[in-house]
Amino acid sequence: MSMPYLSVYYESKCPDSRAFILQQLQPALKLLHKHIKLNFIPFGKARSVNNGHGGFECQHGPAECLGNIVQECALDLMTGRNDLEKTAYVACEMRTLAGAQGNLECVEKAHLPANLVNECLSSGRGTSLQLHSEYLTKIVRPQFVPTVTIDGIFNQQIQDSSQEDLIGTLCSVLKETKECAQYYNSIAMKFIL
């Protein structure tokens, strides 16, 4: 069986995205990073203006647009890094909202050159990356942000359960993994004791 591909469609200043990434995604990835591949798509309910030439309009205002594009540029520079490192970076951004304030402390914590992120922001590369994320997001047409897909497929049941119990949701897809067995056993023990 090939590794399932989890895509997370989110926004940099969205309270639901923050809660999901910090409370669901981070613990799930710590446990299951050997069994899934992860893709972050920081766009959500934003929209491009004049194909990006007029920038973007974001659900939570211009600071969110900045946060989305900072994360997009940083994640692009992290190509080749593992999903745990990418998740730690995104979690830092969601916890601190640094990028949305034009602060690159999470970029630096991730050992990324701030000058390359700034170059991505000013060169038009960040806009191109955001236009690609807009395209990917339009395919899924999320009703709720954050939205998750597995292997590019949206499923309302998986969406709903992942917001409450992402580990359990992923384990239902992964079936036989040692980590999932341990997770289910720990839940069972809580009910027994």
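Which residues does I41 touch, not counting residues up to four places away in sequence? I put this to the model, which is a predicted one, and found that I41 touches S7, V8, Y9, Y10, S133, L136 and T137.

Entry on I41. I looked up where this residue sits and noted that I41 lies in strand β2. I then checked its accessibility: I41 counts as buried because its relative accessibility is 2%, and the limit for buried is under 20%. I also took one distance, and the C-alpha atoms of I41 and F20, which are 21 residues apart along the chain, are separated by 14 Å.

Entry on the nonpolar cores. I looked up the largest nonpolar core, which has 41 residues, and saw that L6, V8, L25 and Y89 touch the most other members. Helix α1, residues 15-32, gives the largest share of this core, with six residues. Apart from this core I found another, of five residues, with F43, A46, F56 and C58 among them. For L6, leaving aside its neighbours within four places in sequence, I listed the contacts, including L25, I36, L38, V148, I150, L166 and L170.

Entry on the largest pocket. I recorded a volume of about 330 Å³ for the largest pocket, and I noted that 15 residues line this pocket, of which N39, F40, E72, L75 and T79 lie nearest its centre.

How values were computed. Residues are numbered from 1 along each chain as its sequence is written. This is a predicted model: local features need pLDDT of at least 70, side-chain atom pairs count only at pLDDT 80 or more; totals for chains, interfaces and linings use all residues. Side-chain values use heavy atoms; hydrogens and water are left out. On a 1 Å grid over the protein atoms alone, a cavity is a set of points where a 1.4 Å probe fits but cannot get out, and a pocket is an open set with protein on both sides within 12 Å along at least five of seven lines; lining residues have an atom within 4 Å of a point. Grid points are joined across faces, edges and corners, and a volume is the space filled by probe spheres set on the points. Helices (H or I, at least four residues) and strands (E, at least two) are DSSP runs, numbered from the N terminus. Buried means under 20% relative accessible area, exposed over 50%, partly exposed in between (1.4 Å probe, protein chains only). Contact means heavy atoms within 4.5 Å. A nonpolar core is a set of buried Ala, Val, Leu, Ile, Met, Phe, Trp, Tyr and Cys residues joined through side-chain atoms within 4.5 Å.
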